[in-house]
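This report goes through one protein model by topic.

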Amino acid sequence: MAPEVVDVRILVTGGTGQLGSAVVARLRPAGAEVRVLSRRAAPDVVRGDLRTGRGIDSAVAGVDAVVHCATDYFGREAQLARTLIEAARWASAPHLVYVSIVGVDRVPLGYYRAKHETEELFAGSGLPYTIQRATQFHGLVRALLAGASRLPVVPVPRISFQPVDVRDVARRLAEHALDDPAGRAPDFGGPEILTATELAQAVGEAAGRHRRIVPLKVPGETFRAYADGGHLTPEHREGEITFRDYLAGRVDHGERDHPGDS
Ligand SMILES: NC(=O)c1ccc[n+]([C@@H]2O[C@H](COP(=O)([O-])OP(=O)(O)OC[C@H]3O[C@@H](n4cnc5c(N)ncnc54)[C@H](OP(=O)(O)O)[C@@H]3O)[C@@H](O)[C@H]2O)c1
């Protein structure tokens with residue numbers, strides 16, 4: 001994104017999270033006036049809760065766009081979106097940018113179903129919207145494979161991932177926020193598709209551990225959907241930062257092992 005000065009006001013929900021904070025870091029140098037929503041009082045944030053609706057009307061008032069990175073891992077993803085959409089309707093109908101996950105309509109996980117339902121809420125809202133699906137973040141993939149690397153033999157599922165860096169996804173979301181609504185945008189994926197074995201090897205090497213990695217076939221329809229590549233987008237490899245680059249320069253992005261978010 002060109003570092004030109006822009007005259008727009010943007011609310012970033014989830015702006016304290018790993019992706020949202022990277023979006024804020026992209027938008028501020030571009031000259032946008034950025035509001036960060038958080039449930040907790042902190043310097044430089046607008047306080048509000050998308051579950052209860054407290055503080056949301058004033059957070060949304062007067063903004064040109066909302067980048068919606070806030071999320072709920074316990075079944076209330078759609079509820080957060082409904083609150084946001086209602087507040088946006090009563091405000092100046094800002095452009096709503098929602099980040100979703102590649103394959104939410106193919107992988108039968110509860111969290112993915114909730115994300116898919118939420119996509120439909122934005123698409124049916126009558127408000128200007130952009131839905132950007134992305135593949136799994138590097139931090140999530142590392143967290144999934146790092147736990148196992150403490151064992152002498154590392155069992156990994158016989159599936160592949162296309163991990164993407166939050167900074168690359170943030171760049172795309174910032175571009176959307178400053179651009180016209182795109183509806184359902186083309187998927188955004190990481191630069192490489194690697195097997196869990198290759199990724200676990202990279203995690204082990206970065207930690208200075210050399211363990212035997214054993215790929216396992218995992219039963220169940222969710223893993224079948226992963227094995228079939230339902231979460232991959234081979235034709236969209238726009239992310240630039242590779243998994244090994246990420247591991248080599250690893251700084252703390254605050255990544256956590258999110259329940260349901262795999
Ligand atoms: N992880 C992945 O691999 C991946 C891949 C593709 C897409 N995504 C999507 O990317 C998005 C961001 O993920 P992330 O990993 O950056 O999330 P995260 O680090 O867990 O951050 C979650 C954010 O949600 C906010 N939040 C939660 N409940 C809220 C509520 N009731 N009201 C207002 N804010 C609330 C939190 O803000 P406070 O705690 O400050 O209130 C926090 O900033 C999610 O939609 C996720 O589905 C993730």
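## Basis and terms

Two strands are taken as paired if DSSP finds at least two bridges between them. Strands are DSSP runs of E with at least two residues, helices are runs of H or I with at least four, and both are numbered from the N terminus. The model is predicted: local features need pLDDT of at least 70, side-chain atom pairs count only at pLDDT 80 or more, and totals for chains, interfaces and linings use all residues. Residues are numbered from 1 along each chain as its sequence is written, and side-chain values use heavy atoms, with hydrogens and water left out.

## The seven-stranded sheet

An open sheet is formed by seven strands in the order β3-β2-β1-β4-β5-β6-β9, with parallel pairing. The edge positions belong to β3 and β9 (183-184); each has a single partner strand, so one side of each is left without a neighbour in the sheet. Strands of a sheet pair through backbone hydrogen bonds, either parallel or antiparallel.

Within this sheet, β4 and β5 run parallel and are joined by four bridges. V66 has L96 as its bridge partner in β5. Strand β6 (residues 129-134) is joined to β9 by two bridges, again in parallel, and T130 stands opposite G183 in β9.

Burial is assigned from relative accessible area: buried is under 20%, exposed is over 50%, and partly exposed lies in between (1.4 Å probe, protein chains only). By this criterion seven of the seven residues of β5 are buried. Both faces of β5 are covered, with H95, V97, V99 and I101 on one side and L96, Y98 and S100 on the other.

## Strands β7 and β11

Strand β7 (residues 153-157) runs parallel to strand β11 (residues 212-216), and five bridges join the two. P155 has V214 as its bridge partner in β11.

Side chains alternate along β7.

## Aromatic pairs

The structure holds four aromatic pairs. Rings of Phe, Tyr and Trp (its six-membered ring) pair if their centres lie within 6.5 Å; planes under 30 degrees apart count as stacked, over 60 as edge-to-face and the rest as tilted. One of the pairs is Y73 with Y111, which is tilted, at 5.4 Å centre to centre and 40 degrees between the planes. This pair links distant parts of the chain, 38 residues apart: Y73 is in the loop between β4 (65-68) and α3 (77-90), and Y111 is in helix α4 (residues 110-123). Y73 is partly exposed at 23% relative accessibility, whereas Y111 is buried at 9%.

Y98 and F122 make a stacked pair, with ring centres 4.9 Å apart and planes at 25 degrees. Y98 lies in strand β5 (residues 95-101) and F122 in helix α4, so the pair ties together parts that are 24 residues apart in sequence. Both residues, Y98 and F122, are buried.

## Positive phi angles

Most residues other than glycine have a negative phi. D44 has a positive phi, near 75 degrees; the residue is in the loop between β2 (33-38) and β3 (46-47) and is exposed, with a relative accessible area of 61%.

A93 also has a positive phi, of about 50 degrees, without being a glycine. A93 lies in the loop between α3 and β5 and is partly exposed at 33% relative accessible area.

## Ligand surroundings

The ligand is surrounded by 31 residues, of which the closest are T16, S38, R40, Y111 and K115; a residue is included if one of its heavy atoms lies within 4 Å. A polar contact is a pair of N or O atoms within 3.5 Å. A polar side-chain atom of T16 is 2.6 Å from an oxygen atom of the ligand. For S38, a side-chain N or O atom lies 2.6 Å from a ligand oxygen atom, and for Y111 the corresponding distance is 2.6 Å. The protein covers 96% of the 930 Å² of accessible area that the ligand has on its own, with areas from the Shrake-Rupley method and a 1.4 Å probe.

Definitions and conventions: Polar contact = N/O pair within 3.5 Å; in protein donor to acceptor, adjacent residues only side chain to side chain.
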